[in-house]
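Please look over the structure below, and then read the following report on some of its side-chain surroundings.

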Amino acid sequence: MPTANHSSAFSNITNTSVSFGGTSDRLTFINSSSCGVTATGLNQTVSLINDSWMVVQNQSPSMLNVLIQGNDANITVNDMTRNMHFTLVHQGAYTITDNTTGPISGAFITTAHSSIFVMGVTAATLAHNVTSVH
């Protein structure tokens, strides 16, 4: 798995996993699919723009900021440390609901443009960690 230890952007990639170390850096995925990113550094940001089938994991004790822009579909987030913040950029109105039908507990963030599943957290807890920017 490649490691990015500084701000980087990936565009139009498929089937790639990236470990993201470093401090106060941003990793951006644009028009990518079937990729995963594991954040291990400090005060990092992952930006998803028009992506699909992405997995984001935070293994760092510090806050991971996740920016959702454009049309992002089937994004799965595993927040092992319960230390993430989501910013919905130009996504319009959104809802946060508990997963009541699937085998994995978690909550969905649904916007007019994107769908994000956050594993292991309730909608009530997740609501405190979501901001919308219009």
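The backbone oxygen of Gly-70 and a polar atom of the Ser-114 side chain lie 3.4 Å apart, which falls under the definition of a polar contact (a pair of N or O atoms within 3.5 Å; within protein, one must be able to donate a hydrogen and the other to accept it, and residues adjacent in sequence count only if both atoms are side-chain atoms). This is a predicted model, in which local features need pLDDT of at least 70 and side-chain atom pairs count only at pLDDT 80 or more, while totals for chains, interfaces and linings use all residues. Residues are numbered from 1 along each chain as its sequence is written, and side-chain values use heavy atoms, with hydrogens and water left out.

Ser-114 sits in the loop between strand E12 (106-111) and strand E13 (115-119), where strands are DSSP runs of at least two residues, numbered from the N terminus. Ser-114 has a relative accessible area of 4% and is therefore buried (under 20% relative accessible area, with exposed over 50% and partly exposed in between, for a 1.4 Å probe and protein chains only). Beyond its neighbours within four places in sequence, Ser-114 is in contact (heavy atoms within 4.5 Å) with Ile-68, Gly-70, Asn-71, Asp-72, Gln-91 and Ile-109.

Ring pairs come next. Rings of Phe, Tyr and Trp (its six-membered ring) pair if their centres lie within 6.5 Å, and planes under 30 degrees apart count as stacked, over 60 as edge-to-face and the rest as tilted; by this rule there are two aromatic pairs.

| Aromatic pair | Arrangement | Centre to centre | Between the planes |
|---|---|---|---|
| Phe-10 and Phe-29 | stacked | 5.3 Å | 20° |
| Phe-108 and Phe-117 | tilted | 4.9 Å | 45° |

Phe-10 is partly exposed at 21% relative accessibility, whereas Phe-29 is buried at 0%. In the other pair, Phe-108 is partly exposed with a relative accessible area of 33%, and Phe-117 is buried with 12%.

Not counting residues up to four places away in sequence, Val-56 touches Val-37, Val-46, Leu-48, Leu-64, Val-66, Thr-76, Val-77, Asn-78 and Met-84.

Methods. Helix = DSSP H or I, 4+ residues; strand = E, 2+ residues; numbered from the N terminus.
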